[in-house]
Amino acid sequence: LAPPAPPFVPVDSGGERIYCILMMTGKVVVSGLSLSKITSVLAELRTINSEKAEKRRQVMIYLHTQNVNVELTSRVMHFVDYKLERLSEASSLDSYLISPALQTEIFLNQRS
């Protein structure tokens, strides 16, 4: 027993052409929307990373202008990296980047 054969569709069928055109158009639209979404997510990630790098650079400049020694600078920058990783929102982070204990140690280091 042979399975039933599909109905015969002529090569020049208008319905088949319209179906193929609609399917291809749908594929292009879905692909375009997916690519657009991926591009916007990548742009957002790039913005967040550049903001983090800028804040990190500002702390380095501050520490350099305050003549903080290398060991303390390393500790402060590790803490800054930790805080930047933990904070999810890109809000005003400047006052939170250095803990009060590290600020006190920087102040004491400047006086010595």
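A residue is called buried when its relative accessible area is under 20%, exposed when it is over 50%, and partly exposed in between, using a 1.4 Å probe and protein chains only. This is a predicted model, in which local features need pLDDT of at least 70, side-chain atom pairs count only at pLDDT 80 or more, and totals for chains, interfaces and linings use all residues. Residues are numbered from 1 along each chain as its sequence is written, and side-chain values use heavy atoms, with hydrogens and water left out.

Q: Is Glu-71 buried or exposed?
A: Glu-71 belongs to helix α2, where helices are DSSP runs of H or I with at least four residues, strands are runs of E with at least two, and numbering starts from the N terminus. Because its relative accessible area is 60%, Glu-71 counts as exposed.

Q: How many helices does the protein have?
A: Read from the N terminus on, the elements follow the order α-α-α. There are zero strands in the protein, and the number of helices is three.

Q: How far apart are the C-alpha atoms of Glu-71 and Pro-3?
A: Along the chain, Glu-71 and Pro-3 are 68 residues apart.

Q: Which residues does Val-80 contact, leaving aside its neighbours within four places in sequence?
A: Val-80 is part of helix α2, and it counts as buried because its relative accessibility is 0%. Ser-34, which is 46 residues away in sequence, lies 35 Å from Val-80 when the C-alpha atoms are compared. With those neighbours set aside, the residues in contact with Val-80 (heavy atoms within 4.5 Å) are Val-59 and Leu-97.

Q: Which backbone oxygen lies 2.8 Å from a polar atom of the side chain of Thr-73?
A: Thr-73 sits in helix α2, which covers residues 70-86, and it is buried because its relative accessible area is 14%. Beyond residues up to four places away in sequence, Thr-73 touches Met-60, Leu-63 and Val-68. The backbone oxygen of Val-68 lies 3.5 Å from a polar atom of this side chain. At 2.8 Å, the backbone oxygen is that of Asn-69.

Q: How far does the backbone oxygen of Lys-27 lie from a polar atom of the side chain of Ser-31?
A: Ser-31 is located in helix α1, which covers residues 14-65, and it counts as partly exposed because its relative accessibility is 47%. From a polar atom of the Ser-31 side chain to the backbone oxygen of Lys-27, the distance is 2.9 Å.

Q: Which residue has a positive phi of about 55° although it is not a glycine?
A: The residue lies in the loop between α1 and α2, and it counts as exposed because its relative accessibility is 65%. The residue with this positive phi is Asn-67.

Q: What percentage of the 112 residues in the protein is buried?
A: Val-80 is one of the buried residues, because its relative accessibility is 0%, and Thr-73 is another, because its relative accessible area is 14%. Across the protein, the buried share of the 112 residues is 16%.

Note on methods:
A polar contact is a pair of N or O atoms within 3.5 Å; within protein, one must be able to donate a hydrogen and the other to accept it, and residues adjacent in sequence count only if both atoms are side-chain atoms.
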